[in-house]
Amino acid sequence: MNEKISICPNFYTRLETTSLLVHKVIDSVKQNKIKKRNLIWFELTGCSGNIISLLDGANPDFKSLATQMVNFIYDNSLMAAEGEDAMEKLFSVIDDDYILAVEGAVSTKNNGLYNIIGRWRGQPVTAYDAIKKFGEKAAYVIAVGTCASDGGISAARPNPAQCVGIQSLLNKKVIKLPGCPCHPDWFMGTLAYIMLFGEPELDSRQRPIMLYSTLIHDICPRRKYFDSGIFASKLGEKTCMFKIGCRGPVTRVDCPVRKWNEGVNWPIEDDSPCIGCAMFGFPDKMEPFISYDTT
């Protein structure tokens, strides 16, 4: 059987949404219709996979973001300044307009001393303090990736550093972009939408509906195998992997049509079940990732 299935053309038009939004922002900035926004990006308790993913963005790419859309104020991996100079730059915008993007969870044990992002005026600044200070004053807060959204791998059992998602520490709405890592388009599109129109429409878990409204299962290229009752019994079989643990039926995001690395591939196309990395409770509530009890 051919693995390709017919998917509503509407899904493919969604692929152009991020690019259209970003280019509309860039044009609007050039024409002085809107101003560049200050952007702060925190890398907290996690693997920094989301900033790496963002750097891999293609259309639009990171250069477009950093040079034509926003004033990239702070990111500990990318900024040239270091030490106190970096922290001075960070704190220089705390009373101005800025959008805060956060990847990684927040360690709360011992008042956050397990994650110190820098020293300012001789005092350590914990991730816990930074989220409290900058999160409450930000125009918008975006949780980039699963750890920032809901704790993710950083908060998985036994969670010795008592990590939590950033919403747990803020008294304001956080726009969540779960996924491990977050696709660059998901962030770029959300940021561009905010700059043009304000807060996007969100679902009950505070995810943008334009990106997180569709079950992977409903647009999976192997869906016809599920409908026909043809299931894989082990990895490598190119049929439906539902019985060996695929979480596509409960995971809402558009991986099957957007794919990764400039649209080259995604897990199921490479014979790996969806592990539900964009779902609330990942990874603990999505385990086991593979099951060989297929009865």
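Setting aside neighbours within four places in sequence, D185 is in contact with T18, N59 and R258. This comes from a predicted model, so keep that in mind as you explore the structure above. D185 sits in helix α8, which covers residues 184-197. Is D185 buried or exposed? Its relative accessibility is 11%, and because buried means under 20%, D185 counts as buried.

Helix α2 spans residues 17-30 and packs against α8 at an angle of about 45°, with the two axes 8 Å apart. That angle makes α2 oblique to α8, and the crossing of α2 over α8 is left-handed. The residues of this contact divide into nine nonpolar, three polar and two charged. On the α2 side, T18, L21, V22, K24, V25 and S28 take part, and among their partners in α8 are D185, M188 and G189.

Now let's visit T146, which lies in helix α7 (residues 146-150). Here are the two featured residues together:

| Residue | Helix | Relative accessibility |
|---|---|---|
| D185 | α8 (residues 184-197) | 11% |
| T146 | α7 (residues 146-150) | 3% |

With a relative accessibility of 3%, T146 counts as buried. Which backbone atom does the side chain of T146 reach? It is the backbone nitrogen of G179, at 2.8 Å.

Notes: Residues are numbered from 1 along each chain as its sequence is written. This is a predicted model: local features need pLDDT of at least 70, side-chain atom pairs count only at pLDDT 80 or more; totals for chains, interfaces and linings use all residues. Side-chain values use heavy atoms; hydrogens and water are left out. Helices (H or I, at least four residues) and strands (E, at least two) are DSSP runs, numbered from the N terminus. Buried means under 20% relative accessible area, exposed over 50%, partly exposed in between (1.4 Å probe, protein chains only). Contact means heavy atoms within 4.5 Å. A polar contact is a pair of N or O atoms within 3.5 Å; within protein, one must be able to donate a hydrogen and the other to accept it, and residues adjacent in sequence count only if both atoms are side-chain atoms. Axes are lines fitted to C-alpha atoms, for helices over the stretch in contact, and angles run from 0 to 180 degrees between N-to-C directions. Angles under 35 degrees count as roughly parallel, over 145 as roughly antiparallel, 65 to 115 as roughly perpendicular and the rest as oblique. A crossing is left-handed if the near helix is turned anticlockwise from the far one by less than a right angle, and right-handed if clockwise. Ala, Val, Leu, Ile, Met, Phe, Trp, Tyr, Cys and Pro count as nonpolar, Asp, Glu, Lys and Arg as charged, and the others, Gly among them, as polar.
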